Amino acid sequence: MDLGIEGKVALVTAGSKGLGRASALALAGEGAKVAICARGIASLNETEAEIRALGADALALVADVTDPAAPARLVAKAAAYFGRLDILVGNAGGPPPARALEVSDDQIAAAVNANLTTSVRLVREAVPWMRRGGWGRICLITSFSIKQPIPGLSLSNLARTGLWSWAKTAAQDLFADGITLNLACPGHFATDRMKQLGGDPAHMGDPADFGRIVAFLCSQPCNFLSSAAINVDGAAVLGLL
């Protein structure tokens, strides 16, 4: 299937490793021009080189996406370099494990900033560019915990479900402008994050498979798919909704 995004410009945050990297490579493989950001220069440069090796134009930006000022800078730099912005893939690292009654106010605030407010800021900055072009695709990478909370990850459960509620509302506001907004909800994939949480790589998905789902959600054929949360979890979620 032709995803119809050749020549489109994408910004992928936290795009040098894991699921962000897989998403950036999948978009580049479909002919999109891709800007990525991350805190680590070495991995950022490696992923930029991989994108260019696929024949796609790339821009690497050093940034901590959870810095409140970073989203505006990132969107401005990507749009200035490529002259437009069509696709946003919002991604940020998850908070540490914590039991529900043991979290502090500061931990809650940090989790909400990283896994909810950061995405809101990114969308807010990207939408004017998409409206200018009359077309846009937003995919926010979150977690299957928005459907089935994960024991011991209370901070992640709290922030990500809040993002889901906000995204449902924002998607309605954006659809008339030709902009779709969906969530990609990973289960257990072979990333550094999952290894840190003690997951067994033998029972994890391939990040490249997840990246291809993200690319599809950012595609031309997804014209009428919006406000959806797509589980990519290897049948981990047992709920019916």
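Contacts between residues 24 or more positions apart make up 74% of the contacts in the protein with a separation of 6 or more, where a contact means heavy atoms within 4.5 Å. The structure is a predicted model, in which local features need pLDDT of at least 70 and side-chain atom pairs count only at pLDDT 80 or more, while totals for chains, interfaces and linings use all residues. Residues are numbered from 1 along each chain as its sequence is written, and side-chain values use heavy atoms, with hydrogens and water left out.

The protein contains seven helices and seven strands, taken as DSSP runs numbered from the N terminus (helices H or I, at least four residues; strands E, at least two). Along the sequence these elements follow the pattern β-α-β-α-β-α-β-α-β-α-β-α-α-β. The radius of gyration is 17 Å, close to the 18 Å that the globule rule gives for 241 residues, so the protein is as compact as a globular protein of that length; the radius is taken over C-alpha atoms, and the rule is 2.2 Å times the number of residues to the power 0.38. Of the 241 residues, 51% count as buried, a class defined by under 20% relative accessible area, with exposed over 50% and partly exposed in between (1.4 Å probe, protein chains only).

A search of the whole structure finds three aromatic pairs, counted where rings of Phe, Tyr and Trp (its six-membered ring) have centres within 6.5 Å, with planes under 30 degrees apart called stacked, over 60 edge-to-face and the rest tilted. One of them joins Y81 and F82 in an edge-to-face arrangement, at 4.7 Å centre to centre and with 85 degrees between the planes; Y81 is partly exposed at 43% relative accessibility, whereas F82 is buried at 13%. Another is formed by F175 and F224, which is edge-to-face because the ring centres are 5.6 Å apart and the planes stand at 70 degrees. F175 lies in the loop between helix 5 (154–174) and strand 6 (179–186), and F224 in the loop between helix 7 (207–217) and strand 7 (229–232), so that this pair ties together parts that are 49 residues apart in sequence. F175 is partly exposed, at 32% relative accessibility, and F224 is exposed, at 74%.

Charged side chains also sit over rings, a term that requires NZ of Lys or CZ of Arg within 6 Å of the ring centre and within 35 degrees of the ring normal. The charged end of K8 is placed over the ring of W135, 4.1 Å from its centre, and R132 lies over the face of W129, at 4.2 Å from the ring centre.
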